[in-house]
Amino acid sequence: MTTDTSTGRRLRRGLAAWPFAVAGLVSAAVLFATAELVAAFFATASSPMVAMGAVFIDITPPWLKDLAIATFGTNDKLALFVSIGIVSAIAAALIGILARRRFGLAAGTIALLGAAIGASVLSRPATGPLDVLPTIVGTLAGIGTLRLLTDRARAAVGDTPAGAGGPRRAGEYVVRRTPSGTTPDAATGTRAGAGKSSRRGFLAAAGLAAVAAGAMAVGGRALSGVRNAAQATREALRLPAPKTRAEPLPAGVAADVEGMPPFVTPNADFYRIDTALAVPRIEPSEWSLRVHGMVEEEFTITFDELLQTELQETWVTLTCVSNAVGGDLVGNAKWLGYPLRSILERARPQAGADMVLSTSIDGFSASTPLEVLTDDRDALLAVGMNGEPLPLEHGFPVRMVVPGLYGYVSATKWVVDLEVTRFADKAAYWTTRGWDERGPIKIASRVDVPRAFAKVPAGRAAFGGTAWAQQRGIDKVQIRIDDGEWRDAELAAEASVDTWRQWSYVWEDATPGPHSVSVRAVDGTGEVQTEERADPIPNGASGWQRIQFTVE
Ligand SMILES: Nc1nc2c(c(=O)[nH]1)N[C@H]1C(S)=C(S)[C@@H](COP(=O)(O)O)O[C@H]1N2
Ligand SMILES: [Mo]
């Protein structure tokens, strides 16, 4: 029963590589898990996963970011972690296979990758030199594990040390070639000398290391949860009552159509867009905002001081510039905060300044025209959202909310720095990545009911949707069924020019068959939403939404 043709040999040698691939995978798991555990004691961005992901997000070209948001929506970060995981797993398996014959080279490769991860940790805005410790400890643990597992894997497959004087350096191993026909247990695919006990030894060691990695990863998560004082502080925090309350919502702000989104978006359902892989956790007692640049008076304000100001409440619909026509990167909330106008009055901007660069603790920045922050709109340094402190992922403890501008140029979460400057002198995060330095919100309208490709019963069909043009308000919404006439939809009550407005329309005699419905809006200045299609980049999508549905 000799199968020792050269193909058979290659096949068996290939099969014999799997323990090394496993050794590589388990070592990588140990590397990341150890680092995660140690990272619980350092900045969030000291975690290799977080730092690598953050760097990746920063260097992602805008088209890829758009594609990711279009494909995965707000799961884009999960998709990123999964991708990083897959690429790391493949690399780890290959390094494991390399370690079989060239352990030094494999260890060197890991050290090099460790250095690259360390560099990405250091490149994050909220990290210092000590924050590379988790990566260093993790890398050493990873290399150590690979050493142990490689030795056991060699024993398991029956590799023997290279003979002195051979082409390999001392200490390195060669794959043992069994002479034809003498492999005692060829049928089971194992090699001579690779006894069951050494295979078990390898599996036990690899299993143990994998379990240890799992425990460290879980432990690290739990530990950083315990150390997440910000969440506990937020839960205990009671915000003061506003000095100026928001206007109560008029009756009838919600269109009476089944399946419409609520007029006020609950915090838990509010869209989330940011570059932060790990949500920054800022203790309010450690938060302060520095106001500086082209101002007469530079100052710093603490969270307690902010809460003692005359807080104001206001309804504002926030929109993301990446929102596609008909998309849902938009939400409406009641915000509580201190007018940015008042902050800037105190700072007294100098002549020539035309922009405020707001920066978050994690390095994101937005360029907002100075005039927008000093005119009479309700631009807020916000601390509350729908009657609660800001959720951590929406900027706790303090963010900006500016009616009329897309979030990327105005809504800085975890804001810690305001610099009064000039557009000519400074550029914000997305401006350096191909987006316009200014981003006023375009008129938009959307069909929420029916959903695209829905089946609608014949007879009386109810349509409903949402339109927005912050700062100008919505004066009219029109819909068109198939290629018919534009018909005026019924507008629900308006809460303010800064909030979205719902609309409805009843098609009394919906005829069976496939149909489409298009929507367009007119804002408070009489401007009609343009039909011209534009992509989100560089300053927001435009065009009329048209959806297909079937009447049955
Ligand atoms: N710190 C920080 N703030 C940020 C961003 C960010 O990436 N980092 N993204 C902005 C963008 S693009 C938008 S649309 C809004 C979204 O706010 P939300 O996540 O609370 O809905 O936040 C803005 N503020
Ligand atoms: Mo955005």
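Author: The answers below concern the domains, the ligand and some backbone features. This is a predicted model, in which local features need pLDDT of at least 70 and side-chain atom pairs count only at pLDDT 80 or more, while totals for chains, interfaces and linings use all residues. Residues are numbered from 1 along each chain as its sequence is written, chains are lettered from A and ligands numbered from 1 in the order in which they are written, and side-chain values use heavy atoms, with hydrogens and water left out.

Reader: Which domains is the protein divided into?

Author: The protein has domain 1 (6–226), domain 2 (267–433) and domain 3 (444–551); the bounds come from an automatic or database domain assignment.

Reader: How many residues of domain 2 and domain 3 are in contact?

Author: On the domain 2 side there are 22 residues, in contact with 19 residues of domain 3, where contact means heavy atoms within 4.5 Å. The centres of domain 2 and domain 3, taken over C-alpha atoms, are 31 Å apart.

Reader: What area do domain 2 and domain 3 bury between them?

Author: About 1500 Å², with 58% of it on carbon and sulfur atoms. Buried area is the accessible area (1.4 Å probe) that two parts lose on being put together, summed over both.

Reader: And how many salt bridges are there between domain 2 and domain 3?

Author: The count is 0, a salt bridge being a side-chain nitrogen of Lys or Arg within 4 Å of a carboxyl oxygen of Asp or Glu.

Reader: Changing topic, which residues come nearest to ligand 1?

Author: Tyr271, Thr275, His394, Arg399 and Lys413 come nearest, of the 19 residues around ligand 1; a residue counts as near if one of its heavy atoms lies within 4 Å. An N or O atom in the side chain of Arg399 is 2.7 Å from an oxygen atom of ligand 1.

Reader: What about the nitrogen atoms of ligand 1?

Author: One distance is 3.1 Å, from a nitrogen atom of ligand 1 to an N or O atom in the side chain of Ser360. Another is 3.0 Å, from a nitrogen atom of ligand 1 to a polar backbone atom of Ala411.

Reader: What is phi of Trp414?

Author: Phi of Trp414 is near 50 degrees, a positive value in a residue other than glycine.

Terms used: A polar contact is a pair of N or O atoms within 3.5 Å; within protein, one must be able to donate a hydrogen and the other to accept it, and residues adjacent in sequence count only if both atoms are side-chain atoms.
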